[in-house]
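The entries follow the order in which I went through them.

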Amino acid sequence: MKVCVFGAGAIGGHVAARLVRGGAEVSVVARGANLAAIREHGLTVVARDATFTARPAASADPAELGPQDAVVVTVKGHQLGGVAEGIAPLLRPDTPVAFVMNGIPWWYFDRHGGALDGTALPALDRGGAVRRAVGVERTVGGVVYSACTITAPGRIEVENERSRVVLGGLDGQVGEPVRALSAALEAGGMGCPIVPDIRREVWAKLVSNLSNGPLCLLSRQGLAATLVDPAIREAARAGLAEGVAIARGLGIELDVDPAARVEASRSTVHKPSILQDMEAGKAIEIEAMLLQPLALARMAGVPTPVLDLVVGLARKAAEATGQYVPAA
């Protein structure tokens with residue numbers, strides 16, 4: 001099958017390389033030094049299970065890549081406007097688009113089935129640009145577990161023992177192209193289950209990002225170093241508990257023990273992507289990962305005093321460096 005990965009950063013590059021390894025015909029939308037390196041040398045993945053080089057087609061212009069059987073979007077939330085502008089040449093009428101991203105997705109309440117069904121989240125999709133360009137009917141939700149770092153253009157190092165992408169339809173249903181995408185990732189060595197409730201999977205990961213990300217951004221250290229301090233561990237535990245409470249307020253029960261999850265994180269040397277972006281001087285993914293979850297907490301009437309504090313401080317830190325600029 002023909003698959004385009006839109007956004008070949010650490011996660012997108014890893015997904016693209018696994019798809020190549022799994023036998024798919026793969027292209028990537030990339031830019032800058034990473035694009036040049038992929039064109040010249042391919043994508044090299046250094047992981048626990050294998051070290052290999054894949055050679056997908058690569059371009060900064062989606063029109064050069066043509067219509068696809070599936071598209072996987074792996075950009076940061078603040079880059080979705082560029083996806084809306086450029087994705088059209090990749091789409092046939094039946095091409096599914098899997099948004100494999102962190103945080104609350106722009107489609108969260110679409111095909112939700114509850115009282116808030118169809119509620120738009122304009123902070124995540126400015127002017128409804130993605131909704132118009134892609135359409136809810138072809139959208140697939142995705143969550144990724146892969147602790148990746150770009151150590152040089154075209155080179156990705158992976159900390160996880162085994163990475164995985166979780167896919168799911170907004171209404172719990174997916175078609176054959178999504179199943180073929182899953183099979184290609186599995187064949188390439190990346191787990192890819194298809195689940196009936198993708199929103200639960202969003203929250204299962206988000207509660208950790210929401211708690212740990214701001215703390216690491218403020219400490220300027222990875223998880224293991226940040227969580228050495230007992231007071232910070234307690235803040236992380238309390239933040240996780242608040243995240244679980246937000247999910248419950250939205251009708252999602254999570255089997256998460258905050259204390260156990262914090263303890264498990266103490267052995268993780270990896271720096272969260274939000275800190276990697278801070279150190280690289282890039283724009284920081286504040287809206288989808290941090291601010292929108294708290295907006296949903298207000299919607300659900302769930303108090304979040306610890307998250308309000310740490311997210312507020314992280315936001316101020318990003319504003320101070322110009323790496324987060326609030327929308328007008």
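**Entry 1: helix H10 and its end**

I began where H10 ends and found that Gly-281 follows this helix with a positive phi near 75 degrees. I took helices (H or I, at least four residues) and strands (E, at least two) as DSSP runs, numbered from the N terminus. The model is predicted, and I kept in mind that local features need pLDDT of at least 70 and side-chain atom pairs count only at pLDDT 80 or more, while totals for chains, interfaces and linings use all residues. Residues are numbered from 1 along each chain as its sequence is written, and side-chain values use heavy atoms, with hydrogens and water left out.

Within H10 (residues 273-280) I listed Ile-274, Leu-275, Gln-276, Asp-277 and Met-278 as buried, where buried means under 20% relative accessible area, exposed over 50% and partly exposed in between, with a 1.4 Å probe and protein chains only. The buried residues of H10 pack against E9, H6, helix H11 (286-300) and H12, contact meaning heavy atoms within 4.5 Å.

I then looked up H6 against H10, whose axes come within 8 Å and cross at roughly 30 degrees. That makes H6 roughly parallel to H10, since angles under 35 degrees count as roughly parallel, over 145 as roughly antiparallel, 65 to 115 as roughly perpendicular and the rest as oblique. The axes are lines fitted to C-alpha atoms, for helices over the stretch in contact, and angles run from 0 to 180 degrees between N-to-C directions. H6 passes H10 in a right-handed crossing; a crossing is right-handed if the near helix is turned clockwise from the far one by less than a right angle, and left-handed if anticlockwise. In this contact Gly-213, Cys-216 and Leu-217 of H6 meet Ile-274, Leu-275 and Met-278 of H10. The residues of the contact of H6 with H10 divide into 5 nonpolar, 1 polar and no charged, with Ala, Val, Leu, Ile, Met, Phe, Trp, Tyr, Cys and Pro counted as nonpolar, Asp, Glu, Lys and Arg as charged, and the others, Gly among them, as polar.

Next I turned to H6 (residues 198-219) and H12 (residues 305-320), which pack at an angle of about 45 degrees with their axes 9 Å apart. That makes H6 oblique to H12, and the crossing of H6 and H12 is left-handed. The H6 residues Leu-210, Ser-211, Pro-214, Leu-215, Leu-217 and Leu-218 meet Leu-307, Val-310, Val-311, Leu-313, Ala-314 and Ala-317 of H12. By class, this contact of H6 with H12 has 11 nonpolar, 1 polar and no charged residues.

**Entry 2: the sheet of 7 strands**

I traced an open sheet of 7 strands in the order E5-E2-E1-E6-E7-E8-E11, with mixed pairing; two strands pair if DSSP finds at least two bridges between them. E5 (57-59) and E11 (164-169) stand at the edges with a single partner strand each, so one side of each is left without a neighbour in the sheet. Neighbouring strands of this sheet are turned by 20 degrees against each other on average, direction ignored.

For E7 (residues 97-100) I noted that both faces are covered, with Val-97 and Phe-99 on one side and Ala-98 and Val-100 on the other all buried. E6 (residues 70-73) and E7 run parallel and are joined by 3 bridges, and Val-71 stands opposite Val-97 in E7. E7 and E8 (residues 139-145) also run parallel, joined by 4 bridges, and Phe-99 stands opposite Gly-141 in E8. Helix H5 (residues 176-187) packs on the sheet and touches E1 (2-6), E6, E8 and E11, its direction making about 170 degrees with that of E11. H6 lies across E8 and E11 and runs at about 30 degrees to E8.

**Entry 3: three arginines in loops**

Where is Arg-220? I placed Arg-220 in the loop between H6 and helix H7 (223-226), and its phi is near 60 degrees, a positive value in a residue other than glycine. Arg-111, in the loop between E7 and helix H4 (129-134), has a positive phi of about 50 degrees although it is not a glycine. Most residues other than glycine have a negative phi. Arg-266 lies in the loop between helix H9 (258-265) and H10, and at 33% relative accessibility Arg-266 counts as partly exposed.
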